[in-house]
Amino acid sequence: MTQSQLALNSALGQVWTPENIALEMAQKALSFKPDARKVLDPSCGPATFSRSLNKAGANGLELICYDVDERMAQLTAEINHALGLFGEVRMRDYLLDQSLSGVFDLVIMNPPYIRQEAIPQNKKDIYHQYLTKMLESDLDRRANLFALFLLKGLVDLAPGGVLCAIVYDAITQSGYGKRTLELMARHAELLSSWPVQAPFQEVLVDAQILLYRKREHALPRECQQPDRADDGFVALGQLLTIRRGTSLPLRKVFLASQTDPYYDRSEPFFVKQAKLSGLVINPDERAYLADTPQDPEVKRWLRERAGAHNVDPTKISVKSVKGPIAFNYYIRNAPRHLWNQENVAIADNFYVSTPIGGFPAEAAWLLLNSDSYLDSLVASSRNQGNGLLKLQLYEYKQARVPDWRRLSIRKIKSLSAVARDLIDNGAVHDSVRLEANRSAEVLFNA
Ligand SMILES: C[S@@+](CC[C@H](N)C(=O)[O-])C[C@H]1O[C@@H](n2cnc3c(N)ncnc32)[C@H](O)[C@@H]1O
């Protein structure tokens, strides 16, 4: 039987994780636990994570899978066998198996979303009793079944083990969800989390992917905001991939002039922020860069030009740096983040960034122009005299800023719409800043 031949049983919370997302989860989880040996998928469905773990290159794993649906258990057993995965598929209720605590290096799951009213009372009592005992904390009786899967997944991890789960956005929107996250934080460190927009074919809900590492010892009960990872702030380098812009060995050689014989082979290049009227990048130069296809004649000409200026002619292949957001790290007046509308190459007086985890770049750009982010950057910079500040790359990466990964998809979407509007209308710096401050205030302080 194949996955597509299986009718979904919604009473069992059956929705399947798309292949690309399952693969991303497996890769990310393995990157935090490369030595994982004993792995658990407590709600395996049609072997989605068996396939993604295999594709992510995991080998030598012992994979234990659970599902209450006989068809899923059978299919997973067949697939695991075909993939050469060693382990076992158990056709029973994962939440009733009390023999697993502290056993696994890695737990990967898409748990069933089943409302608390639909959970039989006798089972619910057993689930709650066991988890309350193991986590030394009362659970919310209104918790959806998926929240109990998350908590039991943590119980069943060995200390230092990693849990990776995709869950409905209810985890950040509901009271029981928030209490579950608080309890998780006592027992595990949040390594990463990112939103995914409507990932499931079968239901139109947004989701979150959560990655935790189980603590050696649970934090005391009174610790609700235990560590820096949970104080709502995060290092900017955890939100953005950041690089210094394109470094030209000598501008005279690589910047193009209209009188050059091969001017039409140069490409747009951005150097000077002062020339802009708003915050949208408008290239002010052209340059000869490696990504422009160059015929041998142009290369020969560029080599000669380099040689004439004492630049090593073997170094004429300059790789451009591009990305949606740029920041000039010499701060003279008000610092600002620029929007790279046409994705042009950017010079190395800027840091060039792309948001991590699919966070929309325009929403990131807007938040980065609010005082809550910029004040932290200025505070991390050094005075160069005469009113000039400089922010080193590591200082930029380490600056602590509000963690936008905690925002709901609905809020991120409305932020993106505001940002798009400002970009399309070529808004000036003051208007962007005003709107950025207003948005940050509403999103983080409301
Ligand atoms: C949301 S689906 C996820 C399936 C698969 N892991 C994926 O991501 O594509 C959840 C699966 O959990 C199974 N399930 C429901 N209740 C369960 C329970 N108490 N114990 C184990 N599995 C259960 C369902 O049959 C379903 O196949």
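**Rings, strands and cores**

Modeller: The charged end of K28 sits over the ring of W194, 4.6 Å from its centre. A charge sits over a ring if NZ of Lys or CZ of Arg is within 6 Å of the ring centre and within 35 degrees of the ring normal. K152 lies over the face of Y94 as well, at 4.0 Å from the ring centre. This is a predicted model, in which local features need pLDDT of at least 70 and side-chain atom pairs count only at pLDDT 80 or more, while totals for chains, interfaces and linings use all residues. Residues are numbered from 1 along each chain as its sequence is written, and side-chain values use heavy atoms, with hydrogens and water left out.

Colleague: How many aromatic pairs does a search of the whole structure find?

Modeller: Rings of Phe, Tyr and Trp (its six-membered ring) pair if their centres lie within 6.5 Å; planes under 30 degrees apart count as stacked, over 60 as edge-to-face and the rest as tilted. The search gives 17 aromatic pairs. One of them, Y94 with F149, is tilted, at 5.4 Å centre to centre and 45 degrees between the planes. Y94 belongs to the loop between β3 (86-90) and β4 (104-109), and F149 to helix α5 (residues 145-156), 55 residues apart. Helices (H or I, at least four residues) and strands (E, at least two) are DSSP runs, numbered from the N terminus.

Colleague: Are Y94 and F149 buried or exposed?

Modeller: Buried means under 20% relative accessible area, exposed over 50%, and partly exposed in between (1.4 Å probe, protein chains only). Both Y94 and F149 are buried. F359 and W404 form a stacked pair, 4.8 Å centre to centre with 15 degrees between the planes. F359 is in the loop between β16 (350-355) and α10 (361-368) and W404 in the loop between β19 (400-402) and α13 (409-424), so this pair ties together parts 45 residues apart in sequence. F359 counts as buried at 6% relative accessibility, and W404 at 0%. Ring pairs also link Y113, F146, Y168, Y176 and F200 into a cluster.

Colleague: What is the strand order in the open sheet of three strands?

Modeller: Strands of a sheet pair through backbone hydrogen bonds, either parallel or antiparallel. Two strands are counted as paired if DSSP finds at least two bridges between them. Here the order is β13-β18-β17, with antiparallel pairing. β13 (330-331) and β17 (382-385) stand at the edges with a single partner strand each, so one side of each has no neighbour in the sheet. β13 pairs with strand β18 (residues 388-390) over two bridges, and I331 stands opposite L389 in β18.

Colleague: Which residue has a side chain joined to that of H337 by a polar contact?

Modeller: A polar contact is a pair of N or O atoms within 3.5 Å; within protein, one must be able to donate a hydrogen and the other to accept it, and residues adjacent in sequence count only if both atoms are side-chain atoms. The partner is Y396, at 2.9 Å. H337 lies in strand β14 (residues 337-339) and counts as buried, at 0% relative accessibility.

Colleague: How many residues has the largest nonpolar core?

Modeller: A nonpolar core is a set of buried Ala, Val, Leu, Ile, Met, Phe, Trp, Tyr and Cys residues joined through side-chain atoms within 4.5 Å. The largest has 68 residues, and L53, L150 and L163 have the most contacts inside it. Helix α5 gives the largest share of this core, nine residues. Apart from this core lies another, of 50 residues, among them L236, I325, A364 and L415.
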